[in-house]
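Hi everyone, thanks for coming. Let me put a structure up on the screen and walk you through it.

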Amino acid sequence: MSNQERHPSEQRVCTAQHPAPCPDTELLLPREVPLGGPRAMPVLRSLPGKNRRMIGAWCFADVYGPTDLTHQAGMQVPPHPHIGLQTVSWLVEGRVRHRDSLGSDQLVQPGQLSIMTAGHGIAHSERTPPDAPPLLHGAQLWIALPEPDRHGPPAFAHHADLPVLTRPGARVTVIAGDLDGRSSPARVHTPLMGAEVTLAPGARLVLPLNPGFEHGVLPLDTPLDLFGHRVEPGALLYLGPGRNELALASPHSARLLLIGGTPFTEDLLMWWNLVGRDHDEIVRARADWERDRTGHGTRFTPVTGDPGPALPAPDLPTARMRPRPPRRP
Ligand code: MN
C-alpha cells in the first residue's frame with residue numbers, strides 16, 4: 001500500500017475562503033414554513049434537514065424576518081405543548097411576549113436569551129405584544145434533551161446579561177456553553193455552544209472552536225461566503241468536527257449565529273412540538289395535550305394569562321412513526 005495522494009494535506013488547508021465546497025461541510029437549505037395559526041408568519045427552517053437532522057443536540061432552527069409588522073399581527077402562537085427539548089428564543093429586532101404553564105411572563109428582547117426546558121411537559125405561548133416596535137427579526141432553536149434529563153421537570157430562565165467578547169470590528173455574545181473562555185449562564189444538558197456574532201464591514205474574526213464539536217453557521221441578515229458555499233440568511237452551513245478555529249470575514253456588516261456540540265448519539269422521534277423516542281410515547285403526549293388543553297389535566301397545565309384558545313394537536317399520521325438518527329447513514 002502507498003499513499004497515492006499528491007496533496008494529502010489538502011483537506012486541512014481547506015480554509016474558510018476556499019473557492020469550492022470543502023470536504024466535511026454541508027449546506028442545509030431552508031424551507032419556508034408557516035408558524036402558528038391562520039394568520040401565520042413565515043419562517044425559514046433549516047433544521048432538521050433531510051439528511052442531517054441535528055448539530056450536536058441542536059435539533060431545530062427557525063429564522064424569521066426582518067418583517068415589518070405595521071399591518072400584520074406578527075407572531076401569534078397560541079398555547080401549545082413541548083416535551084423532551086429546550087427552546088432558545090433569540091431576537092435581533094422587536095419584542096415577543098412569552099407566557100408558559102409555570103406562570104412565566106417574559107418579554108423576549110434583542111440580545112437577551114429566553115430558554116425554556118420542557119422536560120416531561122410544558123405549554124407556552126409566543127405573541128407579538130400590541131406595543132412592540134414594527135420590525136421583527138429573530139430565531140428560535142431547539143436543543144434535544146438527552147435520556148437522563150428529558151423526563152425531568154419543566155423550567156424557564158431569562159438571561160439579560162450574557163458574556164460578550166469584543167474584538168476589532170466584531171462582537172460575540174455567548175448564548176449557550178463556552179466560547180474563548182467565556183461561559184453563558186444558561187443551563188444545558190449536553191456539551192454544546194451557541195453564540196451570536198456581528199461583524200463590521202471588512203472585519204475578520206478568528207474564533208477558537210472545540211474540536212470535539214460539530215458546528216453550524218446561520219447567517220441572519222446577509223449572505224456569507226464560507227468554505228466554498230454561499231450561505232444565505234436562514235440557511236445553515238454544517239461544519240464537521242476536528243476544527244480548532246473558525247475564521248469569519250464579510251465585506252458588509254453581518255450578523256450570524258454559530259452553534260455547535262458533541263454529536264448526539266440518540267435517535268429522536270420529532271413530531272409537531274414533541275421530541276421523543278418512539279411512536280407510543282408521542283401518541284401518549286398528544287392525547288395528554290388534547291385532554292389538558294381545555295384546562296382539565298395535570299401534565300400540561302394552563303398558560304397563565306394567555307387569551308387563548310390553545311392550539312389543537314394535528315392529526316397523527318396513519319403510519320407508525322419511527323425515530324431517526326441525527327444524520328442519515
Ligand atoms: Mn413553542
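First, one term: a residue is buried when its relative accessible area is under 20%, exposed when over 50%, and partly exposed in between, using a 1.4 Å probe and protein chains only. This is a predicted model, so local features need a pLDDT of at least 70 and side-chain atom pairs count only at pLDDT 80 or more, while totals for chains, interfaces and linings use all residues. Residues are numbered from 1 along each chain as its sequence is written, and side-chain values use heavy atoms, with hydrogens and water left out.

Let's begin with Ala186. It is buried, because its relative accessible area is 9%. Ala186 sits in the loop between β16 (182-183) and β17 (192-199); strands here are DSSP runs of E with at least two residues, helices are runs of H or I with at least four, and both are numbered from the N terminus. Which residues does Ala186 touch, not counting those up to four places away in sequence? They are Leu113, Ile115, His159 and Ile175, where contact means heavy atoms within 4.5 Å.

How confident is the predictor? pLDDT gives that for each residue, from 0 to 100. The protein chain averages 93, and 95% of the residues score at least 70. Over residues 7-11, though, the pLDDT is below 50, and this stretch has three contacts in the model beyond near neighbours in sequence. Where pLDDT is low, the predicted coordinates should not be read in detail.

Now, the largest pocket. On a 1 Å grid over the protein atoms alone, a cavity is a set of points where a 1.4 Å probe fits but cannot get out, and a pocket is an open set with protein on both sides within 12 Å along at least five of seven lines; lining residues have an atom within 4 Å of a point. Grid points are joined across faces, edges and corners, and the volume is the space filled by probe spheres set on the points. The largest pocket holds about 590 Å³. It is lined by 32 residues, and those closest to its centre are Leu35, Arg45, Phe60, Trp142 and Asn273. Strand β2 gives the most to this lining, with four residues.

Thr87 is in strand β6, and it counts as buried because its relative accessibility is 2%. Leaving aside neighbours within four places in sequence, its contacts include Ser114, Gln140 and Trp142.

Next, helix α1, residues 279-292. How far should its 14 residues span at 1.5 Å a residue? The expected span, 1.5 Å times one less than the number of residues, is 20 Å, and the end C-alpha atoms are 20 Å apart, which agrees. Among the buried residues of α1 are Ile282, Ala285 and Trp289. What covers them includes β5, β10 (122-127), β25 and β26 (274-276).

Finally, some backbone details. A cis peptide bond joins Gly65 and Pro66, with omega about 5 degrees, and Pro66 is placed in strand β4. Another cis bond joins Gly308 and Pro309, with omega about -5 degrees; Pro309 is in the segment after α1. Phe227, a residue other than glycine, has a positive phi near 50 degrees. Phe227 lies in the loop between β20 (224-226) and β21 (229-231) and, at 4% relative accessibility, counts as buried.

Key
pLDDT is the predictor's confidence in each residue, from 0 to 100.
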